[in-house]
Amino acid sequence: MDVHVFWTALIAAIPAGTPYLFATLGEIYAERSGILNLGVEGMMIMGAVTAFGTTLSTGNPWLGVLAAAIVGGLMASIHAFISITLRANQTVSGLALTMFGLGLSGLIGRRYIGTPLPARLPRWHIPVLGDIPLLGPLFFQHDPLVYLSLLLVLVMGFILFYTRPGITIRSVGESPATADAMGVNVFLVRYVCTIIGGMLAGLGGAYLSVVYTPAWIEGMTAGAGWIAIALTIFALWSPFRALLGAYLFGGVKVLQYRLQPLGISPNLLNMLPFVLTIVVLLAATGEVQRKRIGMPAALGIPYERGEK
Amino acid sequence: MGRRIRFEKRAVVSPTVSVVANLVSLILALLVIALVFRVIGLNPWEVYRRMFSGAFGSKYGLSETLVKTIPLLMAGVGLALAFRALVWNIGAEGQLLMGAVAATWVALFAMPNAPAWILIPTMFVAGFIAGAIWAIIPAFLKAKYETNEVITTLMMVYIAEEFVNYLVYGPWKGAAEWGFPYSDKFPDAAQLPLWGTTRVHYPTLILAILAAIVVYFMVQRTRWGYEIRVTGENPTAARYAGIDSVKVILTVMLISGGLAGMAGVGEVAGVHHRLRVAQGISAGYGFTAIIVAWLARLNPLGVIVTAFLFGGLLVGGDTLQVSLQLPVATIDLFNGVILFFILASEVLTRYKIVWHAEDLST
């Protein structure tokens, strides 16, 4: 393959993978605290419709992005209430959240279909660095949300592995009873992490509707939320490894578009990310078992405070 | 002297409590949804009135409700079984579609000239096998590698949808269909008989009711059913009792996938008489069947009732699409909110609220 073609594909893979990256980072925090939230798809699509609607009415895409994060957080707090306070089944609650989000976004967005977006986020061509041949376009000529996602990878990875709050989050996900005995407010930590997860899923959705596509299409997340859940496992619950997985799937998305002119059925190409998700999940599950690392021991198990 | 509220765990949840809790959660869910409609500028009572009269207000509406009850019942019974064993088969939608593909293959390619009494049973068997295969793949991955079956079964849905669309736009596109993404029409012998002038394909309905009864007795009365119940209620105890979890996972997935596959056969052989794009064959029956199973508290006989209710909901949703131009996704809003409330009520019915006076002697 021509080097130039390969390079442009690689550059395109970064924005294509950014929605996955936001959502995966969020789910990593939720799961690290012990909460499995299968509602990512629903939170993302609500983020997408909120960002689009807000940008449409205010003309300011930044407000759209902000509103999407807030709505994502609100969606997550429903799941938090049901799974942390009521201690109900997290799998079912997450599914309900996904259905709720798909339905509500469809209703809210029914007037936005076919409407063009009045304003878009600017591209930031970073001076000097952006002018470097090859590397400039790859890393330094993107929109601000790409930089935000990269910053979040560093910050969230650092907090999780090298700071006290990070240790607290991980201990709550590994052994909530021990953390509780040491004076940690397990419920609070879980609420905060779940809501952070929702806010980031909302951002991922906003990226789709105001930057990447940019338009509102009903059901436009098309499984991205589920891919993010698989990527959480693939990343072995590490924000750093999430970057790798997200751009891998971004690359596949680009590949889909590039292969279509070659006469391959678009329906068969559309299967690619979903087949890859199963493969990636299988590989990661094997790795988790071999190395006995990663998966938070208390994931998905409601915490019930014992009598003191 | 103060009073305190305390939650006490109930030993057994009586059926009456369950039914009342279900009704209360349904009503609360409908109130919340009404609020959503109000907020986005629709009159909720008008919405509900149209839905109800669309689904239950006329003979035609009732018959359409019954048409949609069929796939929900067939798939819902299988899901009730799988969820009972804590096996999360979220992929009934894909298994249903693969059943539809298998039936189409039998009707159009394998034995298009066979008489009905051979063709129809063969389609159902082929549909069962195809659905079961689609479910066995994630089941095997779960049993062997402990992959999360929620994600894998769901990915199999997306793959099945693309596969169906590939077939109707590509190799199976009908010669006489003027460029529409349809397969050729099924031969007469492959079309299921209908009840009077309605669209109710009663052979599938009878099969679905039979499935509910058979699964109910297998769960309640057989050794295998006992193993499923123990696995679902207490996995640790199941391990100590020597129950083979791999066998449980594979068998419940095989049956739930197979039943969903048969639901797909009913849709193409009974309703459409051809293969169409995925969204044309199934209005998300496989996903709605999840709620149908939960609302029945995973009791296969209860699914008969809840499938009918949700059949009505789907018909009501169609009415909204036509009369108020609301999107198809509106039904997902109902599904999600109702599921939240069933889930919450399930937790609350496991406890009873006890008021008791503060003990002053301490």
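A crossing of two helices is called left-handed if the near helix is turned anticlockwise from the far one by less than a right angle, and right-handed if it is turned clockwise. The legends below describe close-up views of a predicted model.

**View 1. Helices H5 and H10 of chain B cross in a right-handed sense.** Helix H5 of chain B, which covers residues 116-145, packs with helix H10 of chain B, which covers residues 245-272, at an angle of about 145°, and the two axes lie 6 Å apart. Sorted by residue class, the contact of H5(B) with H10(B) is made up of 19 nonpolar residues, seven polar residues and one charged residue.

**View 2. Chain B as the setting of that helix pair, with 14 helices and two strands.** The radius of gyration of chain B is 22 Å, which is close to the 21 Å that the globule rule gives for 362 residues, so chain B is as compact as a globular protein of that length. Along its principal axes, the C-alpha trace of chain B spans about 90 × 55 × 35 Å. Of the 362 residues in chain B, 52% are buried, and among the contacts in chain B with a separation of 6 or more, 79% are accounted for by residues 24 or more positions apart. The average pLDDT of chain B is 91, with 93% of the residues scoring at least 70.

**View 3. The loop between helices H3 and H4 of chain B, with B:Leu86 in it.** This loop connects helix H3, residues 59-84, to helix H4, residues 92-110, of chain B. Although B:Leu86 is not a glycine, it has a positive phi of about 60°. Most residues other than glycine have a negative phi.

**View 4. The side of chain A that touches chain B, with helices H4, H10 and H12 of chain A.** The contact between the chains takes 40 residues from chain A and 40 residues from chain B. On the side of chain A, the elements that give two or more residues are helix H4 (90-108), helix H10 (224-234) and helix H12 (266-291), and the largest share, 14 residues, comes from H4(A). The residues on this side of chain A that touches chain B divide into 24 nonpolar, 13 polar and three charged. For the complex, the predictor gives an ipTM of 0.91 and a pTM of 0.91.

**View 5. Chain A, built with 12 helices and zero strands.** The radius of gyration of chain A is 19 Å, close to the 19 Å that the globule rule gives for 308 residues, so chain A is as compact as a globular protein of that length. The C-alpha trace of chain A spans about 65 × 45 × 40 Å along its principal axes. Buried residues make up 49% of the 308 residues of chain A, and residues 24 or more positions apart account for 79% of the contacts in chain A with a separation of 6 or more.

**View 6. The buried residues of helix H7 of chain A and the helices against which they pack.** Within helix H7 of chain A, residues 164-174, the buried residues are A:Ile169, A:Ser171, A:Val172 and A:Gly173. The buried residues of H7(A) pack against helix H1 (3-32), H6, helix H8 (176-181) and helix H9 (186-212) of chain A.

**View 7. A:Val128 in the loop between helices H4 and H5 of chain A.** A:Val128 has a positive phi of about 65°, although it is not a glycine. A:Val128 is exposed because it has 8 other C-beta atoms within 10 Å, and a residue with 12 or fewer counts as exposed.

**View 8. A:Phe140 and the residues with which it is in contact.** A:Phe140 has its place in the loop between helix H5 (135-139) and helix H6 (144-162) of chain A. With its neighbours within four places in sequence left aside, A:Phe140 is in contact with A:Ile126, A:Leu129 and A:Gly130. A:Ile126 and A:Phe140 are 14 residues apart along the chain, and their C-alpha atoms are separated by 5.5 Å. A:Phe140 counts as partly exposed because it has 17 C-beta neighbours inside 10 Å.

Note on methods:
Residues are numbered from 1 along each chain as its sequence is written. Chains are lettered from A and ligands numbered from 1 in the order in which they are written. This is a predicted model: local features need pLDDT of at least 70, side-chain atom pairs count only at pLDDT 80 or more; totals for chains, interfaces and linings use all residues. Two residues are in contact if their C-beta atoms, placed from the backbone, lie within 7 Å. Helices (H or I, at least four residues) and strands (E, at least two) are DSSP runs, numbered from the N terminus. Ala, Val, Leu, Ile, Met, Phe, Trp, Tyr, Cys and Pro count as nonpolar, Asp, Glu, Lys and Arg as charged, and the others, Gly among them, as polar. The radius of gyration is taken over C-alpha atoms; the globule rule is 2.2 Å times the number of residues to the power 0.38. A residue is buried if 20 or more other C-beta atoms lie within 10 Å of its own, exposed if 12 or fewer, and partly exposed in between; C-beta atoms are placed from the backbone. pLDDT is the predictor's confidence in each residue, from 0 to 100. Axes are lines fitted to C-alpha atoms, for helices over the stretch in contact, and angles run from 0 to 180 degrees between N-to-C directions.
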